[in-house]
Amino acid sequence: VSPRELPRTQVRRLPEKQVEDRAALDALLDQALVGHLAVVTDGWPYVVPVGMARDGDRVLCHGSTGARLFRGLAAGEPTCLTVTIVDGLVLARSQFESSMNYRSAMILGRCTELEFRAKAAALAVLTEHLMPGRGADSRGPSKKELAQTSVLELPIEEWSLKVSAHADPDDQDEDLDLPYWAGVLPLHHVWGEPRPSSDLRGGPPVPDYVATWPTGRT
Ligand SMILES: Cc1cc2nc3c(=O)[nH]c(=O)nc-3n(C[C@H](O)[C@H](O)[C@H](O)COP(=O)(O)OP(=O)(O)OC[C@H]3O[C@@H](n4cnc5c(N)ncnc54)[C@H](O)[C@@H]3O)c2cc1C
């Protein structure tokens, strides 16, 4: 069923910005490092940022077994994962028409908490997604660390994607003669220079996979 036909995932404002292409959703999830997961505790909503990784038709995230978010979602509370990337500022002549270029996704569902082997495998996926190359070049989790870690999987079933990609601002005709500059300011996401740890022993050089970390992640 198309996301647009499901009442809960139908974008109502500016519906022309709704994108139903699953590949576009995957591209957004794969570029993003962080998503925001919602949980309602005692009738109050909390929206919690977490590192996350898409793995096929599921999104994985991990955290402390003691954290409110993970306790609530492991118990099967409904949630919404929101992932947003800002691609630029749209500077219209009027403040009303000024906006942002963006891609954002919302995934509705319930999480499952992973056990033992599935948990260890999912943590490896998370590491590889968030820090590509690092899985083979760092210490894996101990049994104790695994026991302290909760890993949640959210199925990508009920989702929506909204994309705003202005080539130009949408100024009204009567504003076009105003003396203000107008246009789009793209936002690029780039890494800075790697800064070795002050307690680094033996002076290993910056690994190639760090020096060539994929740009554009955000
Ligand atoms: C970076 C950024 C900045 C924004 N700034 C503003 C702002 O300043 N003011 C403003 O009014 N709106 C802003 N929006 C848009 C906002 O996120 C909603 O899309 C907007 O509130 C319209 O919601 P609605 O009433 O159409 O849908 P709702 O009734 O709120 O939602 C219905 C369904 O549509 C889908 N949906 C709605 N919005 C999104 C979305 N953004 N991404 C994915 N799925 C979505 C969901 O599945 C949701 O369940 C911004 C969006 C982004 C990504």
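This is a predicted model: local features need pLDDT of at least 70, side-chain atom pairs count only at pLDDT 80 or more; totals for chains, interfaces and linings use all residues.
Reader: How many salt bridges does the structure hold?

Author: Side chains of opposite charge can pair when their charged atoms come close. A salt bridge is defined here as a side-chain nitrogen of Lys or Arg within 4 Å of a carboxyl oxygen of Asp or Glu. The structure holds 12 salt bridges. One of them joins R4 to E20, with the closest N and O atoms 3.1 Å apart. Both R4 and E20 lie in the segment before α1, 16 residues apart, and the pair links distant parts of the chain. Helices (H or I, at least four residues) and strands (E, at least two) are DSSP runs, numbered from the N terminus.

Reader: Which parts of the chain are linked by the salt bridge of D26 and R54?

Author: In this salt bridge between D26 and R54, the closest N and O atoms are 3.4 Å apart. The pair links distant parts of the chain, with D26 in helix α1 and R54 in strand β2, 28 residues apart. D26 counts as buried because its relative accessibility is 14%, whereas R54 is partly exposed, with a relative accessible area of 21%. D26 and R54 also belong to a network of salt bridges that links R22, D26, D30, R54 and D57.

Reader: How far apart are the closest N and O atoms of E145 and R139?

Author: E145 and R139 form a salt bridge in which these atoms are 2.9 Å apart. E145 is partly exposed, with a relative accessible area of 29%, while R139 counts as exposed because its relative accessibility is 62%.

Reader: Where does the charged end of R68 sit?

Author: A charge sits over a ring if NZ of Lys or CZ of Arg is within 6 Å of the ring centre and within 35 degrees of the ring normal. The charged end of R68 sits over the ring of Y46, at 3.6 Å from the centre of that ring.

Reader: Which residues make the nonpolar surface patch?

Author: Patches are made of residues with over 30% relative accessible area and no salt bridge; like charges are joined within 9 Å, and nonpolar side chains (Val, Leu, Ile, Met, Phe, Trp, Tyr) within 5 Å. Accessible areas come from the Shrake-Rupley method with a 1.4 Å probe, and for residues only the protein chains shown count as cover. L89, L91, M100, W181 and L185 make a nonpolar patch of about 500 Å². W181 lies in the loop between β8 (158-164) and β9 (183-186) and is exposed, with a relative accessible area of 60%.

Reader: How is strand β8 joined to strand β5?

Author: Two strands pair if DSSP finds at least two bridges between them. Strands β5 (residues 99-110) and β8 run antiparallel and are joined by seven bridges. Within this pairing, S104 has K162 in β8 as its bridge partner. Six of the seven residues of β8 are buried, and the strand is thus mostly covered.

Reader: Where does D42 lie, and what is its phi?

Author: D42 lies in the loop between β1 (34-41) and β2 (44-55). Its phi is near 50°, a positive value in a residue other than glycine. D42 is exposed, with a relative accessible area of 78%.

Note on methods
Residues are numbered from 1 along each chain as its sequence is written. Side-chain values use heavy atoms; hydrogens and water are left out. Buried means under 20% relative accessible area, exposed over 50%, partly exposed in between (1.4 Å probe, protein chains only).
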